[in-house]
Amino acid sequence: MLVAAVGAAGVAVAAFKNGGLDIGAGIGETIYAYMRFAFSFPCGVLLYRLHHDGRLPRLAVPPWLVLVGAALAFSALAPLWPLYDVIVVLAIFPLLLVAAVSREPAGRAAAAFAWCGARSAIRFTCCTSRRPTRS
């Protein structure tokens with residue numbers, strides 16, 4: 001948890017120093033990529049462990065509300081300023097994740113999620129096994 005907290009501070013520094021979090025992909029921006037990773041990976045591991053141990057709070061949020069929340073966070077309606085990026089990355093996205101894992105899909109939705117999950121595994125394998133691009 002301490003690593004995620006330090007990473008959260010790094011995310012805030014990166015956002016305010018660069019006017020947002022649209023950074024870290026270029027060779028000269030590697031330090032910002034590490035700052036972003038220092039929060040997101042430990043936070044994901046922490047949330048997974050809490051979920052696996054049954055200690056993650058279960059939020060009674062309708063699935064459509066999670067979808068709308070994610071769509072709004074990614075939309076062009078979002079303000080383009082660093083504080084927004086920090087709030088979304090450190091609070092909104094983890095909260096959406098907790099809300100999403102609080103419910104199990106059923107029926108046709110479960111089949112659709114299983115199909116998307118299989119495609120995601122294939123895409124991940126393709127993305128991680130290709131040669132890196134140079135900038």
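Author: In this predicted model, helix α1 crosses α4 in a right-handed sense. The residues that make the contact are Ala8, Val11, Ala12, Ala15 and Phe16 on α1, and Pro82, Leu83, Val86, Val89 and Leu90 on α4. Sorted by class, this contact comprises ten nonpolar residues, with no polar and no charged ones.

Two packed helices are described by the angle between their axes and the distance between the axes. Here α1 covers residues 2-18 and α4 covers residues 82-101; their axes come within 9 Å and cross at roughly 155 degrees. Because angles over 145 degrees count as roughly antiparallel, α1 is roughly antiparallel to α4.

The surroundings of the pair can be described next. The largest nonpolar core has 13 residues, and those with the most contacts inside it are Ala14, Leu21, Phe39 and Leu47. At least two residues of this core come from each of α1, α2 (30-52) and α4. Leu47 is in contact with Leu56, Pro94, Leu97 and Val98, when its neighbours within four places in sequence are left aside.

As for the protein as a whole, its secondary structure consists of five helices and zero strands, in the order α-α-α-α-α along the sequence. The C-alpha trace spans about 45 × 35 × 35 Å along its principal axes, and 23% of the 135 residues count as buried. Among contacts with a separation of 6 or more, 69% join residues 24 or more positions apart.

Key: Residues are numbered from 1 along each chain as its sequence is written. This is a predicted model: local features need pLDDT of at least 70, side-chain atom pairs count only at pLDDT 80 or more; totals for chains, interfaces and linings use all residues. Side-chain values use heavy atoms; hydrogens and water are left out. Axes are lines fitted to C-alpha atoms, for helices over the stretch in contact, and angles run from 0 to 180 degrees between N-to-C directions. Helices (H or I, at least four residues) and strands (E, at least two) are DSSP runs, numbered from the N terminus. Angles under 35 degrees count as roughly parallel, over 145 as roughly antiparallel, 65 to 115 as roughly perpendicular and the rest as oblique. A crossing is left-handed if the near helix is turned anticlockwise from the far one by less than a right angle, and right-handed if clockwise. Contact means heavy atoms within 4.5 Å. Ala, Val, Leu, Ile, Met, Phe, Trp, Tyr, Cys and Pro count as nonpolar, Asp, Glu, Lys and Arg as charged, and the others, Gly among them, as polar. A nonpolar core is a set of buried Ala, Val, Leu, Ile, Met, Phe, Trp, Tyr and Cys residues joined through side-chain atoms within 4.5 Å. Buried means under 20% relative accessible area, exposed over 50%, partly exposed in between (1.4 Å probe, protein chains only).
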